[in-house]
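Trainee: Could we take a close look at one part of this model together? I would like to hear about its aromatic rings and what surrounds them.

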Amino acid sequence: MPLNQTIVYRNNTDRAIRIVVEPWARQYLIDPTVEVEFRFFAESASANRIEIEESGKYLSLWPPDGGIVQLFVDGRELKQVAQE
């Protein structure tokens with residue numbers, strides 16, 4: 001059975017937040033007051049766990065083993081930004 005999990009995150013700060021998708025270091029910026037969907041996919045629901053780590057400066061997303069994560073705002077997939 002595949003894993004298909006969505007987590008909704010809202011940037012309630014007054015500054016953009018950098019999202020880093022590991023282990024590939026893909027980076028995205030979430031503007032203030034914007035709501036984003038983190039959509040996680042994996043071949044199996046037993047593919048370990050999803051991890052979200054906050055460091056004050058950015059959020060790191062770790063999809064399950066063998067899985068991926070995509071970020072969407074208003075139904076549109078976000079584009080990556082240059083690495084910091």
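**The aromatic pair and its sheet**

Mentor: A search of the whole structure finds one aromatic pair, where rings of Phe, Tyr and Trp (its six-membered ring) pair if their centres lie within 6.5 Å. The rings of Y9 and F38 have centres 5.8 Å apart and planes at 15°, so the pair is stacked; planes under 30 degrees apart count as stacked, over 60 as edge-to-face and the rest as tilted. This is a predicted model, in which local features need pLDDT of at least 70 and side-chain atom pairs count only at pLDDT 80 or more, while totals for chains, interfaces and linings use all residues. Residues are numbered from 1 along each chain as its sequence is written, and side-chain values use heavy atoms, leaving out hydrogens and water.

The pair links distant parts of the chain: Y9 lies in strand β1 and F38 in strand β4 (residues 35-42), 29 residues apart. Strands here are DSSP runs (E, at least two residues), numbered from the N terminus. F38 is buried, with a relative accessible area of 1% (buried means under 20%, with a 1.4 Å probe and protein chains only).

Now for the sheet: four strands form an open, antiparallel one in the order β1-β4-β7-β8, with two strands counted as paired if DSSP finds at least two bridges between them. Its edge strands are β1 (3-10) and β8 (76-77), each pairing on one side only. Strand β7 (residues 68-73) and β8 pair over two bridges, and V73 stands opposite R76 in β8.

Definitions and conventions: Buried < 20%, exposed > 50% of the residue type's maximum accessible area, 1.4 Å probe, protein only.
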